Amino acid sequence: MSVKSREIMSIENLNLKFDSTHVLKDVSLSIEKHRVTAIIGPSGSGKSSLLRCLNRMVDLTPTSKTDGAVYFEGGDILSCDCDEVKLRQNIGMVFQKPNPFPRSIYDNVAYGPRLRGVKDRSQLDEIVQRALKGAALWSEVSNRLEDSALELSGGQQQRLCIARSLAVRPQILLMDEPCSALDPAATTRVEDLISQLRNDITVVLVTHNLQQAARASDYTAFLLGGELVEFGETEDIFTNPQDQRTDDYVTGRFG
């Protein structure tokens with residue numbers, strides 16, 4: 001089945017500049033629903049910048065300028081009339097370092113639903129439990145929901161941040177090197193979680209770890225110098241790349 005037939009997001013001729021620095025250059029690719037798409041490339045290739053364009057977090061940098069289009073739910077999210085708050089509810093994000101709020105575990109997960117007007121405690125309880133189960137964390141914290149989130153281990157904090165995103169039922173979850181600050185055991189837990197999440201949502205994963213991309217993703221995009229060199233099924237990218245630059249990168253000849 002082609003990517004196009006199950007497309008949830010389409011990126012077309014996307015350019016990004018910070019002042020005079022051209023960060024992304026005519027990037028075009030499709031994101032398939034309920035699949036994991038990895039974005040790989042050496043440092044400075046534009047991976048995280050591309051991710052931040054997909055929910056307009058790049059707009060928080062005053063010098064940023066984009067052109068091209070990113071289509072989601074039938075509209076171009078780069079258009080000036082896009083509701084950024086609603087967009088970021090539909091397209092959540094998990095960052096490189098865990099960033100739980102200095103509040104209880106419960107309040108971290110309930111934060112988004114409360115912002116959306118959910119006040120009923122029983123409804124919030126249900127949302128919190130569902131999100132923590134979705135992040136494979138419920139069994140570890142169910143009896144300590146009022147404890148500070150800052151008391152959790154690094155891996156648990158990252159899964160809590162994933163739960164916080166899941167609580168508002170996003171359609172897409174963007175993950176920017178979510179395991180780079182974690183130990184190998186915690187990394188394995190998060191990778192297992194990513195595999196489970198594809199059953200319910202779409203994941204776009206930026207990673208510098210090629211083994212992680214190979215293990216966790218269905219599709220892989222290789223960026224180099226802000227350009228999309230190659231995009232396709234992960235197995236093909238790693239075993240039968242069509243571009244010599246891709247082959248050089250995935251075999252460790254540079255990067």
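Which residue in strand 5 is the bridge partner of tyrosine 71? The partner is aspartate 76. That pair belongs to a predicted model with 10 helices and 10 strands. The radius of gyration is 18 Å, close to the 18 Å that the globule rule gives for 255 residues, so the protein is as compact as a globular protein of that length.

**Overall build**

- Along the principal axes, the C-alpha atoms fill a box of roughly 55 × 40 × 35 Å.
- Of the 255 residues, 50% are buried.
- Take the contacts with a separation of 6 or more: residues 24 or more positions apart account for 68% of them.
- The protein exposes about 11900 Å². Carbon and sulfur atoms supply 45% of that area.

- Strand 4 (residues 64-72) and strand 5 run antiparallel and are joined by 2 bridges.

- Another open sheet has the order 6-7-8-3-9-10, and its pairing is mixed.
- From one strand to the next, the twist averages 15°.
- In general, strands of a sheet pair through backbone hydrogen bonds, either parallel or antiparallel.
- Strand 6 pairs with strand 7 in the parallel sense over 4 bridges.
- Strand 7 (residues 172-176) pairs with strand 8 (residues 202-206), also in the parallel sense, over 5 bridges.
- Strand 9 (residues 219-224) pairs with strand 10 in the antiparallel sense over 6 bridges.

**Strand 7 in detail**

- Strand 7 is mostly covered, with 5 of its 5 residues buried.
- Ile172, Leu174 and Asp176 point one way from the strand. Leu173 and Met175 point the other way.
- Methionine 175 has a partner in strand 8, leucine 205. Valine 94 also stands opposite methionine 175.
- Aspartate 176 has valine 206 of strand 8 as its bridge partner.

**The hairpin of strands 9 and 10**

- Strand 9 and strand 10 form a hairpin with 2 residues between them.
- Glycine 225 sits in the turn and has a positive phi of about 60°.
- Leucine 223 has leucine 228 in strand 10 as its bridge partner.

**Helices across the sheet**

- Helix 6 (residues 154-166) lies across strand 6 and strand 7. Helix 6 runs at about 170° to strand 6.
- Helix 7 (residues 184-197) lies across strand 3 (36-40), strand 7 and strand 8. Helix 7 runs at about 145° to strand 8.

**Nonpolar cores**

- The largest nonpolar core has 36 residues. Those with the most contacts inside it are Val109, Leu132, Leu160, Ile162, Ile194, Leu197 and Val203.
- The elements giving two or more residues to this core are helix 3 (105-115), helix 4 (121-134), helix 6, strand 7, helix 7 and strand 8.
- A second, separate core has 31 residues. Val23, Leu54, Leu87 and Ile172 are among them.
- Leaving out residues up to four places away in sequence, valine 203 touches Arg35, Val36, Thr37, Leu173, Met175, Ile194 and Leu197.

**A buried glutamine**

- Where does glutamine 156 lie? It lies in helix 6.
- Why does glutamine 156 count as buried? Its relative accessibility is 14%, and buried means under 20%.
- Glutamine 156 touches Leu137 and Glu140, again not counting residues up to four places away in sequence.

Methods: Residues numbered from 1 in each chain as written. Predicted model: local features only at pLDDT ≥ 70, side-chain atom pairs only at ≥ 80, totals over all residues. Heavy atoms only, no water. Pairing = 2+ DSSP bridges. Axes fitted to C-alpha atoms, helices over the stretch in contact; angles between N-to-C directions. Contact = heavy atoms within 4.5 Å. Core = buried A, V, L, I, M, F, W, Y, C linked by side-chain atoms within 4.5 Å. Buried < 20%, exposed > 50% of the residue type's maximum accessible area, 1.4 Å probe, protein only. Rg over C-alpha atoms; globule rule 2.2 N^0.38 Å. Areas by Shrake-Rupley, 256 points an atom, 1.4 Å probe, with all protein chains shown as cover.
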